[in-house]
Amino acid sequence: PAHTVVVTDNGNVWSWGDNKAGQLGIGTLASTPTPTLVRALDEQEVTHVACGDEHTIVVTIANEVYGFGSGVHDQLGVGTLG
């Protein structure tokens, strides 16, 4: 299983695929084969995205970093495991 996350020219983030750890950032753990807008980032203009096995990291034009999905090995950078 894999997931895909893309950033559009206007900074919107769309994701689809496997979501067992919440790596799609869509507010649910349900997987989806259809590109879905990541509404939690509606107020952000995202410029970069990186996907790991069960996590996603995005960077905004304001150099803010957001992560979602599994943090079992501190992949989200929040200083805690789990």
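Hi everyone, let's start with a pair of residues: Ala 50 has Ile 57, in strand S5, as its bridge partner. Before going on, note that this is a predicted model, where local features need pLDDT of at least 70, side-chain atom pairs count only at pLDDT 80 or more, and totals for chains, interfaces and linings use all residues. Residues are numbered from 1 along each chain as its sequence is written, and side-chain values use heavy atoms, leaving out hydrogens and water.

Strands here are DSSP runs of E with at least two residues, numbered from the N terminus, and two of them pair if DSSP finds at least two bridges between them. S4 (residues 46-51) and S5 (residues 55-60) run antiparallel, joined by five bridges. The hairpin that connects S4 to S5 has three residues.

Now follow S5 onward. Five bridges also link S5 to S6 (residues 65-69), again in antiparallel fashion.

Next, His 3, which sits in strand S1 (residues 3-7). Is His 3 buried or exposed? His 3 counts as buried because its relative accessibility is 10%, and buried means under 20% relative accessible area with a 1.4 Å probe, protein chains only.

What does the side chain of His 3 meet? A polar atom there lies 3.5 Å from the backbone oxygen of His 55.

How values were computed:
Helices (H or I, at least four residues) and strands (E, at least two) are DSSP runs, numbered from the N terminus. Buried means under 20% relative accessible area, exposed over 50%, partly exposed in between (1.4 Å probe, protein chains only). A polar contact is a pair of N or O atoms within 3.5 Å; within protein, one must be able to donate a hydrogen and the other to accept it, and residues adjacent in sequence count only if both atoms are side-chain atoms.
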